[in-house]
Amino acid sequence: MKKGRILLVVILLIFVIVGTVRMYLKQPVQAEGYEEAHGNEVEDSIDEDLKEVDIIEEDSDIEEEDIIVVIEETQETEINEGNNNSNTATPPVVDNNTEVKRNIVTIEDPQDILVLVNKERTLPSDYVPSDLVIPNISFSFSEDLPKKYMRKIAADALEDLFKEATNNNIELFAVSGYRAYSTQKSIFEANVKRQGEREANKTSAFPGQSEHQTGLAMDVSSRSVGLGLKPEFGDVKEGIWLKENAHRFGFIIRYPKGKEHLTGYSYEPWHLRYVGKEVAEIISASDITLEEYFKFEYTNKDIY
Ligand SMILES: [Zn+2]
């Protein structure tokens, strides 16, 4: 009996000592939240970024895009997380910050031909144009996909533009038109995974912020650039012809070179946006963007 008691006391003492030593060793490790949440220690050899990914991947409520956002954040986020002593990772805070900085509004009249969609003006996620049709033009692919569609008024105008191009020995191909909110979401998330959010958002839009969802945009290419969507399209005869003639049919090159800080996006000589002949003529003649036409300025100047 006595022997048993002594053994019990010794065992208890060992537990207390081990516990104290463990607490002491834990102090300098930054990812404290992780340890508390998961009850096991983070190996010192794992770098900080990987730890962040682990934290978030185990939270099923959080989107993939958030993972990258958190990785891109500086030490500040990591330190905050450590100090918060919270049991769960809190990436939505990052998202909220982005929204506050950008002062994003939801567009009330998405069906307006002159609708301005950009990084601070978002289309309702359930907006689908009611008059989508497939323009009778050449496409870079043959399947009947949603990206063949445009709104009727834009589709008619694009048919005229393509006819005029053919008359001038310019062979154009339509590559991508209407895009649903959900499709944009998948595309953007894939790009964020590949490039990180900041870079991804220079060439692709957040879901709800793509002009393709309006049914008024079409990406166009030519054989000379392998039917791809690349800046070189602006230097080949097809791209040059398009820039010089699109306005006659009510289209503008939406993301011109050197205007990235105004539009928020990289130069895209292939992206046509229908705005109607009157406005297209003004925008083309004054060499301005749709943002400038509306005297729109981003509240967050760090937009590109
Ligand atoms: Zn486009």
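## Starting at Gly276

Let's begin with Gly276, which is partly exposed because 16 other C-beta atoms sit within 10 Å. For the labels used here, a residue is buried if 20 or more other C-beta atoms lie within 10 Å of its own, exposed if 12 or fewer, and partly exposed in between, with C-beta atoms placed from the backbone. Keep in mind that this is a predicted model: local features need pLDDT of at least 70, side-chain atom pairs count only at pLDDT 80 or more, and totals for chains, interfaces and linings use all residues. Residue numbers start from 1 along each chain, following the sequence as written.

Gly276 sits in the loop between β8 and α12. Helices (H or I, at least four residues) and strands (E, at least two) are DSSP runs, numbered from the N terminus. Setting aside residues up to four places away in sequence, Gly276 touches Ile113 and Gly250; contact means that the C-beta atoms of two residues, placed from the backbone, lie within 7 Å. Gly276 and Ala157 are 119 residues apart in sequence, yet their C-alpha atoms are 8.7 Å apart in space.

## The four-stranded sheet

Strand β8 takes us to an open sheet of 4 strands, with the order β5-β6-β8-β7 and antiparallel pairing. At the edges are β5 (173-176) and β7 (251-255), each pairing on one side only. From one strand to the next, the twist averages 45 degrees. As a bit of background, strands of a sheet pair through backbone hydrogen bonds, either parallel or antiparallel.

Two strands count as paired if DSSP finds at least two bridges between them. β7 and β8 (residues 268-274) are joined in the antiparallel sense over 4 bridges.

Helix α7 (residues 152-167) lies across β6, β7 and β8, and runs at about 130 degrees to β8. Axes here are lines fitted to C-alpha atoms, for helices over the stretch in contact, and angles run from 0 to 180 degrees between N-to-C directions. At 1.5 Å a residue, the 16 residues of α7 should span 22 Å, and the end C-alpha atoms are 23 Å apart, which agrees. The expected span is 1.5 Å times one less than the number of residues in the helix.

The buried residues of α7 are Ala154, Ala155, Ala157, Leu158, Leu161, Phe162 and Ala165. They sit on the same side of α7 because they cover an arc of only 165 degrees around the axis, the arc being that of the directions from the helix axis to the C-beta atoms. They pack against β3 (132-133), β4 (150-151), β6, α10, β7 and β8. Just after the helix, Asn169 takes a positive phi of about 55 degrees.

## The nonpolar core

A nonpolar core is a set of buried Ala, Val, Leu, Ile, Met, Phe, Trp, Tyr and Cys residues joined through C-beta atoms within 7 Å. The largest one has 31 residues, and Leu158, Leu161, Ala246, Phe251 and Ile252 touch the most other members. Two or more residues each come from α7, β6, β7, β8 and α12, with α7 giving the most, 7 residues.

Leu158 shows some of this packing: leaving out residues up to four places away in sequence, Leu158 touches Pro135, Ile137, Met150 and Met218.

Now for a pair of loops. Arg179 is in the loop between β5 and α8 (181-195), while Gln213 lies in the loop between α9 (197-203) and β6 (217-221). Arg179 counts as buried because it has 22 C-beta neighbours inside 10 Å, and Gln213 is buried too, with 26 other C-beta atoms within 10 Å.

Apart from neighbours within four places in sequence, Arg179 is in contact with Lys147, Gln184, Ser210, His212 and Gln213. Gln213, under that rule about nearby residues, touches Leu123, Tyr127, Arg179, Ala180, Tyr181 and Gln184.

## Two positive phi angles in loops

Leu227, in the loop between β6 and α10 (237-245), has a positive phi of about 60 degrees although it is not a glycine. With 15 C-beta neighbours inside 10 Å, Leu227 counts as partly exposed.

Asp287 isn't a glycine either, and has a positive phi of about 55 degrees. Asp287 sits in the loop between α12 (277-286) and α13 (290-293) and is exposed, with 10 C-beta neighbours inside 10 Å.
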